[in-house]
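Trainee: Before we go through the labels one by one, could you put the sequence and the structure up for us both?

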Amino acid sequence: MVDMVVQKYHRVLLQMDAATHCRETMAAAIEIAARLGVGLQGIFIEDSDLVTVGELDFIREFRLSSPIARNLDKLTLDAQLRAMASSVRRQLERAGSRRKVTVGFHAVSGDLWLEQEKSMPETDLIIIEGTGRLHSRLYRTRSSKRSALQNIMRPTLLLKGGKSLTKKFVVVCDSVDAARKGLQAALALSGTGEKEIMLLPYGMAAEDAKKLATDIEDINPKEEKGIKIAPIVVQDVASVLQSIHPADCILVITEWGQFFNLNLNAERLLESRHPLLLLQ
Amino acid sequence: MAEIKALPASDLCRRYDLCALGFKDTSELEELLEPLGQERAVNAIRFGIGVRHHGFNLFAFGASGSGKTETIRRYLEPEAASKPLPDDWCYINNFAVPDQPKVLRLPAGRANELAKQMESLTEEVRVVISAAFESEDYQTRLDVIVEQFKIRQEEAFETLQKKAGEKNIALVRTPMGLALAPAREGKVLDPEAFSKLSQEEQETIKKDISGLEGDLQSAVRMLPELEREQRREINNLNREVTSFAVDHLIDENREHWKDCAAVVAFLDSVQDYVIGHSDVFRLSKDEAAQTIPARMAADFIRQQDSVISNCRINVLVSHDANGGAPIVYEDNPTVENLLGRIEHRSEFGNLVTDFQLIKPGALHRANGGYLILDARRLIFQPFAWETLKRELRSREIRIESLSQMMSLGSMVSLQPETIPLDVKVILIGDPMLYYLLSQHDPDFHNLFKVPVDFDDRMPVTDQAIALYARFIATEARKKNLLPLDQGGVSQVLERMTRLTGDTERLSSHARSLGDLLSEADHWASTRGAKLIGGEDVKQAIAAHIHRSDRMRERTQEQFQRGIMMLDTSGEKVGQINGLSVLQLGDFSFGRPSRITARVHLGRGRVVDIEREVELGGPLHSKGVLILSNFLAARYTQNKPLSLTASLVFEQSYGAVDGDSASSTELYALLSALAEVPIRQSLAVTGSVNQFGEVQAIGGVNEKIEGFFDLCRFRGLTGEQGVLIPASNVKHLMLKDEVVEAAEKGEFHIYPISTIDEGIEVLTGIPAGEMSADGKYPPDSINGRVKARLEAFAEMARKYVRPVSEDKPVGQSDG
């Protein structure tokens with residue numbers, strides 16, 4: 001019998017930039033922090049690409065609220081970014097105060113945040129918004145987002161469109177250990193109350209799948225209900241996506257070295273509307 | 001000289017013998033269903049409440065306490081009960097113009113039913129819509145719409161990004177929008193790298209960016225339109241989902257009210273309104289409180305309550321299905337109590353209102369029936385009379401506050417739709433008010449065409465006495481009093497006769513009768529009797545008088561102590577005892593006064609000292625002028641009246657009015673002129689005309705009793721008495737003590753028709769009749785007066801110089 005220890009979280013990091021910040025994302029992050037009973041650290045990243053854009057004197061900005069294009073200079077861009085950072089800070093503090101979550105905030109430039117992230121060892125969950133106000137998942141920094149995900153070594157939750165999180169999880173796992181890890185993370189993230197967790201074996205050998213079915217009794221804590229295992233083992237991402245139900249569940253991926261190394265897989269998951277919790 | 005005889009005691013008071021009626025006590029008498037002595041009023045009431053034409057409203061007037069309201073109700077209630085129930089009235093929200101609520105007319109008794117149904121419907125709507133929005137089906141459909149539009153957005157930008165990527169241009173998201181920038185390997189070129197490019201490359205990039213900007217601008221411009229389209233789609237979805245959830249609920253109600261087109265139309269409006277405002281039901285109250293910030297949640301819940309409230313109805317008037325036409329008595333007829341009011345409630349420091357805060361007035365409640373109002377209270381309330389007239393004229397109820405009517409306030413308020421008015425108004429007031437309104441208000445007779453004139457007295461006939469006995473019996477039963485025996489009834493009749501001051505009339509004043517019976521019942525109960533007897537009635541009267549006559553006692557006391565000088569024996573020239581009546585509240589009493597007259601040579605003027613000092617009223621002055629002319633006409637037809645006479649009420653320090661002392665003053669004047677003394681044991685009352693005829697006056701009983709009380713205190717001598725006009729004999733209802741004294745010959749009442757009769761009684765000397773040659777016997781009063789006046793005229797003539805001795809006008813002394 002294997003002891004089931006629920007993952008303990010200590011600090012959640014929310015990463016936002018000019019493209020991805022939205023009030024719903026902040027609300028969702030605060031909700032997660034409240035569910036986990038931890039503090040939330042917000043980081044607003046001034047994208048290095050944006051800084052560069054401001055330095056080019058022939059760039060024009062097309063505002064979403066106005067049909068007229070304006071010249072974009074560095075001064076204007078700096079002011080916009082600073083104003084946006086202040087706005088994000090205010091919104092975070094307000095949302096945190098409402099849900100009684102301790103909130104920290106700072107703004108950084110360019111890729112510095114990755115270094116900073118490393119210097120914050122107490123952070124054990126990073127939240128990244130996968131879309132922005134335009135709800136576009138494709139046009140903005142597709143490659144940089146993926147590369148960021150691949151570089152992060154901590155559990156990372158990729159939100160989609162700022163939707164509030166449900167308590168339904170699908171854990172994609174390729175081993176019993178991976179299943180246990182995923183289950184621990186899902187239980188921690190779901191908090192108290194009713195929840196629905198499904199283990200979805202991926203690329204697993206028949207023997208391992210059988211073992212997982214046997215061991216599920218052990219890894220399933222007695223006080224928890226609603227945990228089940230999918231009847232089939234899926235072999236590709238398309239099958240994963242087809243097997244996911246309900247639509248708004250959180251996809252917990254516990255073996256993403258194998259999974260994400262295939263660009264096609266990663267792309268389809270990033271494009272899907274399911275929030276992704278990536279566990280290394 | 002014809003001797004004037006004192007009246008026999010039997011003429012001094014009317015006694016009622018009820019033996020012929022054959023009852024022992026009033027419990028044997030049948031109840032009287034018709035009001036007594038009010039035939040005219042009853043006919044007017046029957047006519048007034050029967051005729052339904054416009055303007056035939058009633059104005060009932062009569063003395064206060066004459067039973068107007070009760071009589072009107074007695075005839076109104078059966079008439080109202082036989083009439084059909086009027087419709088119910090409600091106010092509903094005007095979904096198009098909310099500040100002009102609409103009227104909903106429903107068959108009688110159904111308004112409350114609809115109100116309950118709407119209440120339960122709106123609660124159900126709240127639940128079903130919330131459930132519909134929470135359903136998986138709705139969420140999926142909503143997601144489909146959202147995703148569709150996301151894809152459309154993404155397609156637009158993906159195309160652009162692909163096109164840009166081919167030219168090494170990056171699409172960059174800025175804080176406020178989007179921009180195109182040169183890129184290499186997914187990174188935007190910095191200025192340094194860009195400057196290292198050849199001029200040609202730089203120009204190419206700039207040209208490419210410029211070319212792509214058109215596409216970017218089109219894509220950006222498309223966004224608001226896409227969002228609008230998305231909102232429209234979502235709205236349509238919401239309407240569809242809400243409609244599906246709500247339609248069957250409303251259809252059930254629509255089916256129930258299919259016989260009432262107005263309700264069906266209202267339900268149609270409610271359906272559109274609810275579907276149009278389905279957004280506010282997306283979250284339940286609890287969910288709103290939990291999921292959104294408190295202030296927004298409060299606002300959200302308020303919106304939800306507002307939508308719910310707008311779908312309900314405000315029942316203004318609903319009638320009991322078992323009743324007839326309503327009879328409403330409004331005790332406090334202010335404008336708001338008549339018309340209704342629009343109330344306001346405070347919300348975050350602001351006063352707000354809606355159709356639910358419209359409250360009905362008396363006109364709403366009485367619509368289709370009868371409204372009874374106290375005319376005096378109505379007139380005294382600011383603008384209430386004008387408002388009532390306006391509503392009756394226009395035949396509709398328009399709810400307006402005073403500030404709206406006078407355009408004083410600028411606060412936004414409601415303008416509810418008017419309600420057709422069909423009401424019969426019955427005003428109850430006093431005669432003075434009726435006549436004043438008749439004279440001064442041109443609208444009055446257009447709107448109140450039926451006067452209901454309540455009489456407060458009835459002629460005494462055998463039939464009337466029998467009816468009155470039943471009237472007493474009815475009143476006693478109504479008030480749960482002891483029955484009256486025959487003696488009690490006859491005493492009541494005597495009292496009610498005395499109240500009219502006329503032996504040929506009985507007072508039909510209901511309050512006076514009721515009070516007398518109640519007081520008599522008290523005294524009978526106090527002594528443990530089972531019947532109210534004559535003694536109880538007498539005790540009630542005596543106690544009633546005693547409670548009120550402190551001032552009378554004080555006045556009598558002043559005569560008895562000699563502070564007020566008045567002789568009741570002996571003889572004096574130019575001095576006489578007059579009689580006046582003082583009215584204090586509902587109690588009046590007689591007071592004797594000494595009146596004196598002095599004469600001397602003068603210019604034909606009778607000086608009324610009361611008038612000179614402005615204590616005499618116009619009627620008193622009129623009496624003095626009449627006697628002045630009487631003197632001149634009778635005694636000095638061919639000569640100037642060359643005297644100055646002065647008349648005064650001695651020790652009178654207040655205002656004097658009325659002409660009832662004019663004959664008294666004339667007697668004093670004749671005594672002074674004839675130098676013949678007047679018996680001070682007598683007192684006089686009566687007015688006189690220019691021919692020397694004595695005319696009737698008011699308050700004869702009180703006057704006689706006032707002098708009697710003083711004489712009795714000083715001791716009745718058998719010489720004392722009162723001269724009254726003969727025409728007042730029929731008014732005598734004197735108290736028992738006076739009647740007994742008259743029976744014993746201790747006190748006398750002399751009926752006088754002319755001044756000559758009166759002066760003879762007062763002086764014991766014949767007045768004297770004029771002979772054919774125009775002269776009076778020299779020893780008669782008239783002869784002496786004429787001689788004195790002629791002497792004055794002669795003396796006056798001597799004082800006037802002959803005209804010939806005067807200098808011609810215009811001639812100078814020199």
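**Labels and their cut-offs**

Mentor: In strand 5 of chain B, Gly177(B) is the bridge partner of Arg63(A). This is a predicted model, in which local features need pLDDT of at least 70, side-chain atom pairs count only at pLDDT 80 or more, and totals for chains, interfaces and linings use all residues. Residues are numbered from 1 along each chain as its sequence is written, while chains are lettered from A and ligands numbered from 1 in the order in which they are written.

Trainee: How do you know that strand 3 of chain A and strand 5 of chain B pair?

Mentor: Two strands pair if DSSP finds at least two bridges between them; 3 bridges join strand 3 (residues 60-63) of chain A to strand 5 of chain B, and the two run antiparallel, so they pair.

Trainee: Why is Arg395(B) called exposed?

Mentor: The label rests on the other C-beta atoms, placed from the backbone, within 10 Å of a residue's own: 20 or more is buried, 12 or fewer exposed, and in between partly exposed. Arg395(B) has 12 such atoms, and therefore counts as exposed.

Trainee: And what makes Asn168(B) partly exposed?

Mentor: Asn168(B) has 15 other C-beta atoms within 10 Å, so the label is partly exposed.

Methods. Helix = DSSP H or I, 4+ residues; strand = E, 2+ residues; numbered from the N terminus.
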